Amino acid sequence: MTAPTIDPVQLASYLDGNASELLSEYFRSGRFTGGSFERFAGGGDRPDVADRFTSDDIVAVSLLGVRIPGLPALSILGDREAEFSQMLAGIPAGVDLWEAEEAAVGPGSAADRLWRALVALPGIGWVTAGKLLARKRPRLIPVYDRVVRSAFGRDGTEDWWRPLRAVLAGNPDTVATLGRLRAESGIGDDVSLLRVLDVCVWMRERGEPEAVPDAEG
């Protein structure tokens with residue numbers, strides 16, 4: 001099935017104007033807990049944990065405003081740990097999305113199968129599943145949530161990875177712009193360019209600190 005395309009002009013529009021200032025505010029002001037998502041506890045893709053979920057990953061996704069309840073957390077870290085680790089091991093590490101083969105993120109790939117297995121857990125939705133994968137493979141799997149989905153006028157919860165791969169692979173100037181914005185904002189090279197793009201879109205569309213998932217009232 002052909003994935004819906006992304007308008008490269010619309011995507012590039014999020015990378016102009018005050019994009020570098022928005023990045024700096026998100027990652028350096030201390031107002032946004034998501035600024036620590038990829039770096040928390042040394043990162044989810046460091047070699048000793050890259051192929052297994054840890055309790056640090058559960059905490060890290062909470063920094064992006066989602067909460068994993070106890071039951072699915074026990075499945076992820078306990079009785080299904082080996083199953084999920086096997087799928088994680090099948091997802092390329094250290095590869096940028098636009099340089100990866102489409103099969104790495106397409107239907108039936110290890111990434112796709114793991115995303116679906118996570119979504120099937122009670123209490124885990126498509127947003128949370130995607131953020132868990134982005135934590136483990138930050139250069140390959142983009143954060144995808146309702147803000148980004150709405151910004152690009154998309155209907156479904158799936159198939160963001162392939163069209164984003166296609167538009168970035170076909171527009172190297174956009175990739176270069178992401179690298180320039182990362183450097184200009186001073187946020188550090190350990191923040192993936194996919195995350196730079198995500199934050200540019202999110203800050204332009206929303207720009208408010210992440211909600212506390214279990215806040216009362």
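**Reading helix packing**

Guide: In this predicted model, the buried residues of helix 11 pack against helix 1 (8-13), helix 2 (19-28), helix 8 (146-151), helix 9 (161-169) and helix 10 (172-185).

Visitor: How many residues of helix 11 are buried, and which are they?

Guide: Buried means under 20% relative accessible area. By that cut-off helix 11 is mostly covered, with 11 of its 13 residues buried. They are Leu193, Leu194, Arg195, Val196, Leu197, Asp198, Val199, Cys200, Val201, Trp202 and Met203.

Visitor: What span should the 13 residues of helix 11 have?

Guide: The expected span is 1.5 Å times one less than the number of residues. For helix 11 (residues 193-205) this gives 18 Å, and the end C-alpha atoms are 18 Å apart, so the two agree.

Visitor: Which residue just after helix 11 takes a positive phi?

Guide: Gly207 does, with a phi of about 70°.

Visitor: Now a helix pair. At what angle do the axes of helix 6 and helix 7 cross?

Guide: The axes of helix 6 (residues 110-119) and helix 7 (residues 126-136) cross at roughly 135° and come within 9 Å. Because of that angle, helix 6 counts as oblique to helix 7. The crossing is right-handed.

Visitor: Which residues make the contact?

Guide: An α-helix has 3.6 residues a turn, so residues three or four places apart point the same way. Here helix 6 contributes Ala111, Leu114, Trp115, Leu118 and Val119. Helix 7 contributes Trp126, Ala129, Gly130, Leu132 and Leu133.

Visitor: How many of the contact residues are nonpolar, polar or charged?

Guide: Nine are nonpolar, one is polar and none is charged.

Note on methods. Residues are numbered from 1 along each chain as its sequence is written. This is a predicted model: local features need pLDDT of at least 70, side-chain atom pairs count only at pLDDT 80 or more; totals for chains, interfaces and linings use all residues. Side-chain values use heavy atoms; hydrogens and water are left out. Axes are lines fitted to C-alpha atoms, for helices over the stretch in contact, and angles run from 0 to 180 degrees between N-to-C directions. Helices (H or I, at least four residues) and strands (E, at least two) are DSSP runs, numbered from the N terminus. Angles under 35 degrees count as roughly parallel, over 145 as roughly antiparallel, 65 to 115 as roughly perpendicular and the rest as oblique. A crossing is left-handed if the near helix is turned anticlockwise from the far one by less than a right angle, and right-handed if clockwise. Contact means heavy atoms within 4.5 Å. Ala, Val, Leu, Ile, Met, Phe, Trp, Tyr, Cys and Pro count as nonpolar, Asp, Glu, Lys and Arg as charged, and the others, Gly among them, as polar. Buried means under 20% relative accessible area, exposed over 50%, partly exposed in between (1.4 Å probe, protein chains only).
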